[in-house]
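Biologist: I have a structure open and want to learn how to read its features. Where do we begin?
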Amino acid sequence: MDSVRSPEWPVAPLGGPAGNSAAARYGTSPTTGPALGRTGQPLPAPPPPYQPLAGSGSTPAPAIRPPAAPPIPVKILIAGGFGVGKTTTVGAISEIAPLTTEAEMTSAGIGVDDPGVRSHKTTTTVAMDFGCVTIDRSLKLYLFGTPGQTRFGFMWDDLARGALGALVVVDSARLDDCFPAIDFFERAGLPFVVGVNAFDGRLALELGEIRWALAIGEHVPLVQFDARDRLSVRDALLVVLDRALERATRDRRA
């Protein structure tokens, strides 16, 4: 039996399937030599597969702190007679430029508006004074200064609405000017503190004599302060806050 011989297959021309092999393109065997990148450098090792942290689930989100609560607003009145230092008191303690409604005093006010012989006052409040001061992160005082003239007394009811307490500023040499203010707060049932403004650093009368002349009870605090000094005004306002807190606590227990 004759043997069968395989035909002689011609060599594939360059550019055919053989020319498209790795050996023909790069001159290396596909099973030998390092893998090269686009720039001819060896390719970096691939990163390891992702694995979650052992013993823990999903990573917890960072805790978000709630925003700090704004300070509680507290309304305080600064009252008293004409020319006793109410505007000066508000301006000395306010952390903002105080809002004032000052008007020049004219000859038409002679015999009506009497600031006193020791005062060099040339202006007068015709509506109100306004300022504010932050006591701490939880408390902020809003100060409303009342006009001292009797003809502006109709504004006091509106200014006192929502107030928690009052500081009645007194000139020890002109005690009669503060009687209307004390009567107003006693009728309104609003806690108040009598602050005697020490003009020139001294008083015309002792505090005990002033208490007797004003006919105020022992439950009403009577303090001496300087309306021009910030720390002195602060101490007087803190007494007002203590008085208002005591009143609020007593009402809550009742």
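Modeller: Begin with one residue. This is a predicted model. Glutamate 95 has 39% relative accessibility, so it counts as partly exposed.

Biologist: Which residue does glutamate 95 meet in a salt bridge?

Modeller: The general idea comes first. Side chains of opposite charge can pair when their charged atoms come close. Here the partner of glutamate 95 is lysine 140, at 3.8 Å from N to O. The cut-off for a salt bridge is 4 Å, so the pair counts.

Biologist: Which parts of the chain does the pair of lysine 140 and glutamate 95 tie together?

Modeller: Lysine 140 sits in strand β5, residues 139–145. Glutamate 95 sits in the loop between α2 and β2. The pair therefore ties together parts 45 residues apart in sequence.

Biologist: How many salt bridges does the structure hold?

Modeller: Seven salt bridges. One of them joins arginine 174 and aspartate 177, with the closest N and O atoms 2.6 Å apart. Asp171, Arg174 and Asp177 are linked in a network of salt bridges.

Biologist: Is arginine 174 buried or exposed?

Modeller: Arginine 174 is buried, with a relative accessible area of 13%. Another salt bridge pairs aspartate 226 with arginine 228, where the closest N and O atoms are 3.1 Å apart. Arginine 228 counts as exposed, at 55% relative accessibility.

Biologist: Now helix packing. What describes two packed helices?

Modeller: The angle between their axes and the distance between the axes. Take α2, residues 86–93, and α6, residues 230–253. They pack at about 100°, with axes 9 Å apart. Angles of 65 to 115 degrees count as roughly perpendicular, and α2 and α6 are therefore roughly perpendicular to each other.

Biologist: Which residues of α2 and α6 meet?

Modeller: From α2, Thr89, Ala92 and Ile93. From α6, Arg230, Val233, Arg234 and Leu237. The residues of this contact divide into four nonpolar, one polar and two charged.

Biologist: Step back to the whole chain. What does its secondary structure come to?

Modeller: Six helices and eight strands. From the N terminus, the order is α-β-α-β-β-β-β-α-β-α-β-α-β-α.

Biologist: And what share of the residues counts as buried?

Modeller: Of the 254 residues, 35% count as buried. The accessible surface comes to about 17,000 Å², and 59% of that belongs to carbon and sulfur atoms.

Key: Residues are numbered from 1 along each chain as its sequence is written. This is a predicted model: local features need pLDDT of at least 70, side-chain atom pairs count only at pLDDT 80 or more; totals for chains, interfaces and linings use all residues. Side-chain values use heavy atoms; hydrogens and water are left out. Axes are lines fitted to C-alpha atoms, for helices over the stretch in contact, and angles run from 0 to 180 degrees between N-to-C directions. Helices (H or I, at least four residues) and strands (E, at least two) are DSSP runs, numbered from the N terminus. Angles under 35 degrees count as roughly parallel, over 145 as roughly antiparallel, 65 to 115 as roughly perpendicular and the rest as oblique. Contact means heavy atoms within 4.5 Å. Ala, Val, Leu, Ile, Met, Phe, Trp, Tyr, Cys and Pro count as nonpolar, Asp, Glu, Lys and Arg as charged, and the others, Gly among them, as polar. Buried means under 20% relative accessible area, exposed over 50%, partly exposed in between (1.4 Å probe, protein chains only). Accessible areas come from the Shrake-Rupley method with a 1.4 Å probe; for residues, only the protein chains shown count as cover. A salt bridge is a side-chain nitrogen of Lys or Arg within 4 Å of a carboxyl oxygen of Asp or Glu.
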